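Hi everyone, thanks for coming.

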Amino acid sequence: MLDLPITPSEFIAILNQSLEYAFPSVVIEGELSEFRVSKNRWLYFSLVDEEGAVLKFFATVYMLPGPLEDGMKVLVRCSPKHHQAYGFSMQAQSIQVAGLGSLKRASDLLLAKLTEEGLFAPERKRALPDYPEKLAVITSSGSAAEADFLKIAAARWPLAEITLANVHVQGELAPSEIVKAVEFFNNHGESYDALVLIRGGGSVEDLAAFSTESVVRAVAGSRIPTVVAIGHEVDLSLAEMASDLHASTPSNAAELLLPDYASEKQNLVSAKMNLNHLLEAPVVNAENSLSQAKSSLEQDMMLLLSDASSDIISLKNLLEAYNPVRVLKNGYAVARLATGKLLRSKKDVKTGDEVELTLSDGMINMKVT
Amino acid sequence: MTPRKTMKKDLKTLKYSELREQLDEVSSWFSGDDIDLDKATDAYAKGMELIAELESRLKTAKAKVEKTKQDFAA
């Protein structure tokens, strides 16, 4: 009981202190009404229920799980506050979409918005490395998803070093933790070959975190190539659509991402055999080339010798044709004076000169009369 | 062009994927035009060294898992 008069400001301060003490954090579920965004930063909306009760809320756009509209069912973590100028309202701390219909509608709105931005475009998809060695895995520690992924990964590709980040994979805290983990690995000094985000199956509500705007943007914006696997049989989550590769289950993610150890061993054996086979061709080519060169050289030499031999025979025949002995044998004789001068005309001699005749088989001395 | 040259000791410093890439280069080189015996025997020796290193990596591989020091779950 306060008997001393106080000012309205003082009363509001005491009221807020009492409210903060009584309701530091309360989650209220209701249907969105009068939802509006002011200056791209502030959110104003009301939550109504079937009884017709209305509660006014104040929030910032950073709390949005994605585009919202009137009629959607949402869960808002908040605390009550009375503002001096604007009166009573609930100050939101986080907003989650709730209920199948609303989740589907929220997902459709976000899908349309991010599709327009090109976040799901096929040309944005990057190829995953063939032989990843450093993997960053974001999941809930101790979950079946984690166990399944690690089991398949160890069996398929034990060369991979896996760093695990523990996050909530459902509920109010999941989106912000997943985003922090994605940012952590992207800003970490080590270079990861792939970033894997996994969880097992669940209800649409359980998987809602994977279709919130912040998680989808984090996956799409990751510099490390991403693999997202959320075990379910219905529509893909938006995070899977934004990833470079999506798999049906955590086990399937390990199978798609990692090469098979046994196959790779066999590949290396085949590569060895293939290399031996590949070297055969150059060796055979070199041998053939050498053999051809040898034959060609032998042929050239033979041709050279044959040509030389023909020349010699021709020369010999020519010389033979000019051989004077052959002419003498035909009855011709060579006449010379005693001085040795060759007689070519009767004018070269006079009566009494001695002349020497050379015949094929000897010489005769004669006197000109 | 012959496959890129890597010193034997350097093979240890390369990642598995890099070694595998070099092995693919060696194999592709053999289907090229400028093949002579000297280069082919060099390429063959290089390929065999790469395979030996890759096989050794597979033989000694052991799965290594660690948790991040920073736990993101509140």
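Let's start here: at what angle do helix α8 (residues 261-322) of chain A and α1(B) pack, and how far apart are their axes? The angle is about 30°, and the axes are 11 Å apart. Axes here are lines fitted to C-alpha atoms, for helices over the stretch in contact, with angles from 0 to 180 degrees between N-to-C directions. Helices (H or I, at least four residues) and strands (E, at least two) are DSSP runs, numbered from the N terminus. So α8(A) and α1(B) are roughly parallel to each other; angles under 35 degrees get that label, over 145 is roughly antiparallel, 65 to 115 roughly perpendicular, and the rest oblique.

Quick word on the ground rules. This is a predicted model, where local features need pLDDT of at least 70, side-chain atom pairs count only at pLDDT 80 or more, and totals for chains, interfaces and linings use all residues. Residues are numbered from 1 along each chain as its sequence is written, chains are lettered from A and ligands numbered from 1 in the order written, and side-chain values use heavy atoms, leaving out hydrogens and water.

Back to our pair. α8(A) passes α1(B) in a left-handed crossing, meaning the near helix is turned anticlockwise from the far one by less than a right angle (clockwise would be right-handed). Who touches whom? From α8(A), residues including A:Leu268, A:Ala271 and A:Leu275 meet residues of α1(B), among them B:Tyr16, B:Leu23 and B:Val26. Contact means heavy atoms within 4.5 Å. By class, that contact has seven nonpolar, two polar and two charged residues. Nonpolar covers Ala, Val, Leu, Ile, Met, Phe, Trp, Tyr, Cys and Pro; charged is Asp, Glu, Lys and Arg; the others, Gly among them, are polar.

α8(A) also packs on helix α2 (residues 37-60) of chain B, at about 170° with axes 10 Å apart. That makes α8(A) roughly antiparallel to α2(B). Here the residues divide into 16 nonpolar, three polar and five charged.

Now the whole interface. Chain A puts in 40 residues and chain B 34 residues. The buried area is about 3300 Å², with 68% from carbon and sulfur atoms; that's the accessible area (1.4 Å probe) that two parts lose on being put together, summed over both. In chain A, A:Leu268, A:Leu275 and A:Leu279 lose the most area to chain B, together 19% of what that side buries.

Last, confidence. pLDDT is the predictor's confidence in each residue, from 0 to 100. Chain A averages 91, and 99% of its residues score at least 70. Chain B averages 84, with 85% at that level. Within chain A, helix α9 (residues 324-329) is lowest, at a mean of 78, and strand β8 (residues 194-199) is highest, at 97. The model scores ipTM 0.82 and pTM 0.73.
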